[in-house]
Structures are given as C-alpha cells and as structure tokens.
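Hi there,

Here is the structure I promised to pass on to you. Have a look at it first, and then read my notes below.

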Amino acid sequence: MIDIDFSKPVMPRSGALALLIPEGGVLSGLAAELDRALGKSLTRALEVSSFKGEHCQTVVIPGPSNGLSRIVVVGLGSLKEINAHRVEEAGAAAAAALSSDPHAYLAADGLGAVLLAHAGMGAQLRSYRFDRYRTRERETKKPKLQRVTILTEDYARARAVWMPLAALAAGVERTRDLVSEPANVLTPAEFAARAATLTELGVKVEIFDQRDLQKLGFGALLGVAQGSANPPKMVIMHWLGASRSGRVGKSGKKAVKAKAHEPIVFIGKGVTFDTGGISIKPATGMEEMKWDMAGAGAVTGLMATLAGRQARVDAIGLIGLVENMPSGTAQRPGDVVTSYSGQTIEVLNTDAEGRLVLADMLSYAQKRFGPRLIVDLATLTGAIVIALGHENAGLFCNDEKLSAQIVAAGLTTGETVWPMPLGRAYDKLLDSDIGDVKNISGGRGAGAVTAAQFLQRFVDTKKTHLPWAHLDIAGVAWSTKDDGVTPKGATGFGVRLLDRLVAEHYEQNSP
Ligand code: BES
Ligand code: MN
Ligand code: ZN
C-alpha cells in the first residue's frame with residue numbers, strides 16, 4: 001500500500017506533481033502558479049497535446065526546469081458530472097502515470113476535501129500490486145510510487161474524510177490478496193487462518209471444521225468437499241459495531257451486547273479451486289477457477305472494512321470454504337444429499353457446486369441470526385458472463401427496496417450491478433424426480449437465473465419476509481486489463497459496493 005497524506009498547498013521543489021484539471025483545461029491555483037514559474041511552458045505542453053480536460057485524459061511532462069521529476073496533468077471531465085467515483089478514476093489515472101516516482105504531490109484547485117480524499121482513494125486502489133511470487137524482477141521495472149501528498153488548504157478535513165476510506169482501501173486490498181493467491185497456497189484451512197487475523201480489528205471469528213459441519217448437518221456443502229484432500233471450513237465473522245456504538249447505559253458504562261441484534265448477514269462462496277469435480281471442466285482456462293472464492297474474499301474484505309472504520313452496524317459474514325475435486329471419494333452425478341434445511345438435493349452436475357455450498361449457509365444464517373437482510377456474493381455461473389459481460393454483476397433480489405439500494409450503491413462506487421429476474425416459472429425447472437430439488441435445470445437457458453432460483457429455495461420467507469439479494473460476480477471478480485481504479489487481476493468487487501450500502505442505509509447515526 002502507498003501512503004496517502006494531506007498538507008498545505010506549497011509548491012513542491014522535488015518529486016512528481018499531478019494536477020487534476022476540469023474540462024476546458026484552464027489552469028488555476030497551484031497549476032497557474034507553476035505555469036508562471038515555468039514561463040508558460042505548461043500551457044504550451046497542454047496545447048500541443050490537445051489537452052481539453054476530458055475525464056482521465058493524461059499528459060506527462062518529464063523533467064520540467066523547476067526541480068520536479070515530472071508533471072502529470074489529468075482531466076477531471078465536466079464539473080457538472082463530477083462525483084466521488086469519477087475523481088477516483090482521475091486519481092487512478094494519475095497514479096498509473098506516476099508509477100516511476102517514489103513521492104508525488106497531487107493538487108486539484110477547486111475540489112473540496114471529500115473529492116480530494118477520493119482522488120487519494122483512486123491512487124491507492126490503482127497502485128495495488130500482487131508481487132509475492134516475483135523474485136527476479138529487475139529494480140528498473142518495479143513501480144516506485146510509495147507516497148502521494150495531496151495539497152489543499154482544507155487538509156485537516158480531507159485527512160478526516162480519508163480515515164474511513166483508508167480502511168476501505170485496506171479491505172479491498174485484503175480481498176484482492178486473497179483472490180490472487182493460487183489454490184495450492186490458499187486452501188480452505190489457509191483461507192480460514194487468514195480470516196482469523198480479523199480478530200486484530202475487533203472482529204470475533206468462529207471457525208467450523210469438517211466435524212463441526214457434519215454435526216450441524218451441512219450435507220450439501222460437505223458433498224462438494226468430499227473429493228478433496230483439503231478438508232472444508234466455514235468461517236463466521238462477527239462485527240458488532242451497533243451494539244458497541246458508545247450508547248451509555250443506566251450504569252454509566254457503555255452498553256455492550258454480546259450478541260448481534262437483527263444483523264445484516266453477508267455470505268460468500270469460497271470454492272478455493274473448482275475443477276468441476278467428476279463433471280470435470282475442460283483444461284483450457286481451468287486455472288481461472290482459483291478465483292472461485294472471490295465471494296468469500298469480498299465478504300472477508302468487507303468485514304475488515306466495517307471493523308477498520310468502526311462502522312455502527314451489526315454485521316455477520318459467513319464464508320464456506322471448499323475445494324471441488326474429482327477423486328475416488330468425490331461426489332457423483334446423481335447423488336442425493338440432505339441439506340441443513342432438511343431438503344434433499346439431487347446433484348446432477350458436480351460443477352454446479354457453488355449453490356450447494358451457499359444453500360447450507362443461507363439456511364443456517366437465517367436460523368441462527370434472524371437477520372434483517374442477507375446479501376450473498378458468488379462467482380456462481382458462466383451464464384452471467386454471457387448475459388452481462390464484465391461490466392455489471394448480476395443482481396437477483398426478492399425485495400424492491402433492497403434492490404434499488406444496491407443498484408444505487410453500484411452507481412456511486414462504480415461497482416455496478418444489473419437487476420435480473422426471479423420467478424415461479426424458473427423455479428419449477430428445478431423440481432427433482434427423486435428428491436426435493438435438483439442442482440441444475442437440465443436446459444441450456446437462463447443459467448444464471450436458475451442458479452439464483454436454486455438459492456431462493458433456501459431462503460425461507462414463509463413466516464416473515466426476509467430481504468435477500470444474490471450477486472453473481474463471475475464476470476467482475478477479476479479483470480484481464482488495467483481499468484480505472486483496478487489494475488489487471490483481482491478487482492475486489494463487492495467490498496466498496498456493500499460498504500456503501502451499509503454506510504448509506506444500515507448504519508446508526510453518530511451519537
Ligand atoms: N465457478 C463456476 C462459475 C464460473 C464460470 C465462474 C466461469 C467464473 C467463470 C461454477 O461453479 C460453475 O461451474 N457453474 C456452471 C454451472 C453449470 C454446471 C450449471 C457453469 O456456469 O457452467
Ligand atoms: Mn463449478
Ligand atoms: Zn464454482
């Protein structure tokens with residue numbers, strides 16, 4: 001992670017300088033001062049580069065005559081359209097152009113503290129790199145950016161705005177690290193061990209091993225895990241930020257509840273590697289299935305974020321960690337398993353395993369926590385990639401209000417989602433000839449919908465209406481190219497989206 005700090009706008013004499021300039025390309029503030037000091041050569045450089053201040057348009061001026069290593073000018077686009085996410089993208093573009101300087105300054109005349117902090121967020125998110133396994137990289141090839149100092153008169157307020165964003169950036173980084181790890185390193189046990197480090201942030205972490213899951217009757221999850229030499233785990237992370245929100249009880253002490261009250265529950269699919277099992281996948285591209293735990297990665301990063309910024313919410317994160325392997329002990333197509341809910345499932349395709357893992361956690365979470373809502377995240381289907389590509393996650397939701405809240409959070413954070421249907425006609429396709437439900441429809445149509453529909457069979461809304469949303473993140477969990485605030489690789493999708501959902505709608509107001 002790079003350091004982001006804030007200080008008074010004084011013209012830097014060394015390092016690099018990034019200037020964010022709105023559409024029109026007019027220089028003001030520090031940019032105008034610099035242009036004067038350089039005898040208008042900044043203006044000339046922008047002219048010959050046809051710089052118009054379009055969003056993320058970037059001009060690099062190396063070796064100016066005033067001691068700076070380079071000047072990077074990035075367009076902010078129209079001020080009418082400006083928002084936190086667009087400024088993050090501009091900050092990201094600046095960071096990408098600054099990667100050969102250890103220390104950079106950033107100025108954006110006219111932007112307030114909030115937007116400037118988001119410029120820092122963009123720089124932070126874009127500077128992410130997973131380089132644990134590069135041992136021979138030449139020094140000259142390594143990115144050098146270590147620190148970005150944001151120059152503003154309002155530096156004290158910008159610093160305060162940055163604090164929770166720093167926790168969010170750390171949460172996204174945690175998710176990206178988890179998702180990037182290869183499956184020989186990140187086994188269910190190793191993932192659980194890393195999730196356990198959230199205790200350092202004040203999260204209570206429970207780890208269930210195979211025996212615990214057998215006792216509970218997690219037949220669906222265990223069926224997926226039974227072909228692997230790496231036994232499954234379930235991890236439950238508790239963040240009780242509302243219960244310890246500093247409300248003072250009669251005794252004069254802070255009221256601290258031991259148990260979450262109607263918490264928000266997040267559930268993540270954590271298939272540490274998905275070979276398909278006996279219904280084995282083709283060899284080409286199978287290595288991508290190390291990312292099949294991105295839902296669990298997002299839930300872990302989200303819980304770290306909520307704790308890191310002391311969010312005033314009671315939130316529970318459940319992740320189901322299994323490896324889907326073919327072997328002599330593996331589950332066969334046609335097997336019937338009994339889920340935690342009691343429903344029997346005919347497993348017609350062992351590659352439709354994510355829904356089996358989620359099913360048990362969905363029922364368990366409802367029974368144990370009585371949640372006010374549940375959101376699950378899963379790299380669940382290839383079909384959602386066919387439907388939406390890499391631009392939106394699929395959103396399946398049984399509640400109009402929750403659906404609208406998630407769509408809106410997507411637009412503010414840039415982690416966009418697109419609503420997809422649920423319905424009785426799709427549900428019928430899952431009736432089994434031998435048990436209660438089968439894990440595939442058998443047809444070729446609407447694969448992402450029938451997967452969501454399968455999950456809904458484990459969301460019990462008979463007694464009370466439980467708002468539930470399922471995010472199919474198969475198309476957005478990783479990126480094959482550098483794009484905005486996400487460098488190529490694991491995106492950390494879901495952390496910023498759901499952090500915003502919580503902050504916007506489910507957090508108690510400050511006392
Ligand atoms: N993990 C995959 C889904 C996936 C595919 C994620 C491609 C990312 C990229 C999931 O477990 C799976 O294999 N789904 C099957 C379901 C099918 C057997 C009904 C699929 O989408 O092909
Ligand atoms: Mn699969
Ligand atoms: Zn899978």
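Predicted model: local features only at pLDDT ≥ 70, side-chain atom pairs only at ≥ 80, totals over all residues.

The structure holds one cavity of 30 Å³ or more. A cavity here is a set of points on a 1 Å grid over the protein atoms alone where a 1.4 Å probe fits but cannot get out. The space in the largest cavity comes to about 50 Å³, a volume being the space filled by probe spheres set on the grid points, which are joined across faces, edges and corners.

Residues are numbered from 1 along each chain as its sequence is written, chains are lettered from A and ligands numbered from 1 in the order in which they are written, and side-chain values use heavy atoms, with hydrogens and water left out.

Now to the metals. Which residues coordinate the zinc ion (ligand 3)? They are Lys-269 (NZ), Asp-274 (OD), Asp-292 (OD) and Glu-353 (OE), at 2.0 to 2.4 Å; donors are N, O and S atoms within 2.8 Å of the metal (3.2 Å for Na, K and Ca). The zinc site is octahedral because its six donor atoms subtend angles of 79 to 174 degrees; for six donors, octahedral requires opposite donors over 155 degrees apart and all others between 65 and 115.

The manganese ion (ligand 2) is held by Asp-274 (OD), Asp-351 (O), Asp-351 (OD) and Glu-353 (OE), at 2.1 to 2.2 Å. Its six donor atoms make angles of 70 to 167 degrees, and this site is irregular. Asp-274 bridges the two ions, which lie 3.1 Å apart.

Asp-274 also meets ligand 1: a side-chain N or O atom of Asp-274 is 2.9 Å from an oxygen atom of ligand 1, a polar contact (a pair of N or O atoms within 3.5 Å). In all, 16 residues surround ligand 1 (a heavy atom within 4 Å), and Lys-281 and Gly-382 are among the closest.

Enjoy exploring!

Methods: 1 Å grid on protein atoms, 1.4 Å probe; cavity = no way out; pocket = protein on both sides within 12 Å on 5 of 7 lines; lining within 4 Å. Polar contact = N/O pair within 3.5 Å; in protein donor to acceptor, adjacent residues only side chain to side chain. Tetrahedral: all angles 85-135°; square planar, octahedral: opposite > 155°, others 65-115°.
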